[in-house]
Amino acid sequence: MKNINLTKWRYVSSAISILLMITSLAIIGVKGFNWGLDFTGGVVTEVQLDRKITSSELQPLLNAAYQQEVSVISASEPGRWVLRYGDIKSADTEQSNVDIQQALAPLNSEVQVLNSSVVGPQIGQELAEQGGLALLVAMLCILGYLSYRFEWRLASGALFALVHDVVFVLAFFALTQMEFNLTVLAAVLAILGYSLNDSIIIADRIRELLIAKPKLAIQEINNQAIVATFSRTMVTSGTTLMTVGALWIMGGGPLEGFSIAMFIGILTGTFSSISVGTSLPELLGLTPEHYKEQVISDTP
């Protein structure tokens, strides 16, 4: 284990991560997000059709009729669908009924509109504000926990890894202009917890080695910590990726954004915890003396 030298690899990967992070921030600033109806407002209509009709038959007809991407979600029973679109001008119930019936006329099926409701822009703005506030509160709570649990230099690596993972996911949605809705926001919050768990495992191992082997160089301590936790990290990340991959393939359109965000977050979370999460404390001057002082001060 002592002969394995990962220092050069960690430095190179950390430099690449920082460059990609800067690029990601630029992409977010230039392109922005394709906000979903949860944030911008729109119309939600529930219809009942022949149970033999599939979403692949509905989607092109509705997209052509409304001149936009219409979300088609299967409801609780066969033949019942929830349609979501941003045509506020068609918010009047009667007009919406006529439009939907005309749009689905080629299916030669009776179209029964069960209900139609409007999500106004004010509600969407409130959701965006509450979502941003939830993300900020989560980050502040994590910052407080890391500051309490670890010496600030070691905590900074875990915190930077968290920001790194979130920025990467947000940049992907900005670059591809995939719809950013509440399920994607939920995935971002879940990524925070997953990445934090990965970073804490490695940071805990680094702290133990700093106390147990105070004469060892910090570079070697980081390398040993990575090797000691690598197999566990790979098993955890691998099984989680398999689960998210199955959700991506079998979950359909409604869960696509959530699954993609989680998939990217798990990959970047594993990478950042090993590279940036260990290199930053080292560059900030973390040494065994910092935890030696802590042990002495805690001794009665």
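Entry 1: I looked up residues 155-176 and found the end C-alpha atoms 32 Å apart, with the span 100% helix and 0% strand. I took helices as DSSP runs of H or I of at least four residues and strands as runs of E of at least two, numbered from the N terminus. This is a predicted model, in which local features need pLDDT of at least 70 and side-chain atom pairs count only at pLDDT 80 or more, while totals for chains, interfaces and linings use all residues. Residues are numbered from 1 along each chain as its sequence is written, and side-chain values use heavy atoms, with hydrogens and water left out.

The span comes from UniProt, where an unreviewed entry lists residues 12-30, 131-148, 155-176 and 182-204 as "transmembrane region". Such positions are given in the numbering used here, feature names are shortened, and annotations may be inferred rather than shown by experiment. I also checked residues 131-148: this span is 100% helix and 0% strand, and its end C-alpha atoms lie 26 Å apart.

**Entry 2: confidence.** I read the pLDDT (the predictor's confidence in each residue, from 0 to 100). The protein chain has a mean of 79, and 88% of its residues reach 70 or more. Over residues 90-98 the pLDDT is below 50, and this stretch has 9 contacts (heavy atoms within 4.5 Å) beyond near neighbours in sequence. Residues 295-300 also stay under 50, with 1 contact beyond four places in sequence. Where pLDDT is low, the predicted coordinates should not be read in detail.

**Entry 3: aromatic pairs.** I searched the whole structure and got 7 aromatic pairs. Rings of Phe, Tyr and Trp (its six-membered ring) pair if their centres lie within 6.5 Å; planes under 30 degrees apart count as stacked, over 60 as edge-to-face and the rest as tilted. Trp 9 and Phe 271 are edge-to-face, because their planes stand at 75 degrees, with ring centres 6.3 Å apart. Trp 9 is in helix α1 (residues 7-31) and Phe 271 in helix α9 (residues 256-274), so the pair ties together parts 262 residues apart in sequence.

**Entry 4: pockets.** I used a 1 Å grid over the protein atoms alone: a cavity is a set of points where a 1.4 Å probe fits but cannot get out, a pocket is an open set with protein on both sides within 12 Å along at least five of seven lines, and lining residues have an atom within 4 Å of a point. Grid points are joined across faces, edges and corners, and a volume is the space filled by probe spheres set on the points.

The largest pocket holds about 760 Å³. It has 29 lining residues, and Glu 69, Ser 71, Glu 179, Asn 181 and Gly 253 are the closest to its centre. β3 gives the most to this lining, 4 residues. I count the lining of the largest pocket as 10 nonpolar, 14 polar and 5 charged. Here Ala, Val, Leu, Ile, Met, Phe, Trp, Tyr, Cys and Pro are nonpolar, Asp, Glu, Lys and Arg charged, and the others, Gly among them, polar.

The second largest pocket holds about 160 Å³. Its lining includes Phe 33, Trp 35, Phe 39 and Phe 180. α5 supplies the largest share of that lining, 4 residues, and the lining divides into 10 nonpolar, 2 polar and no charged.

**Entry 5: cavity.** α7 gives the most to its lining, 4 residues.
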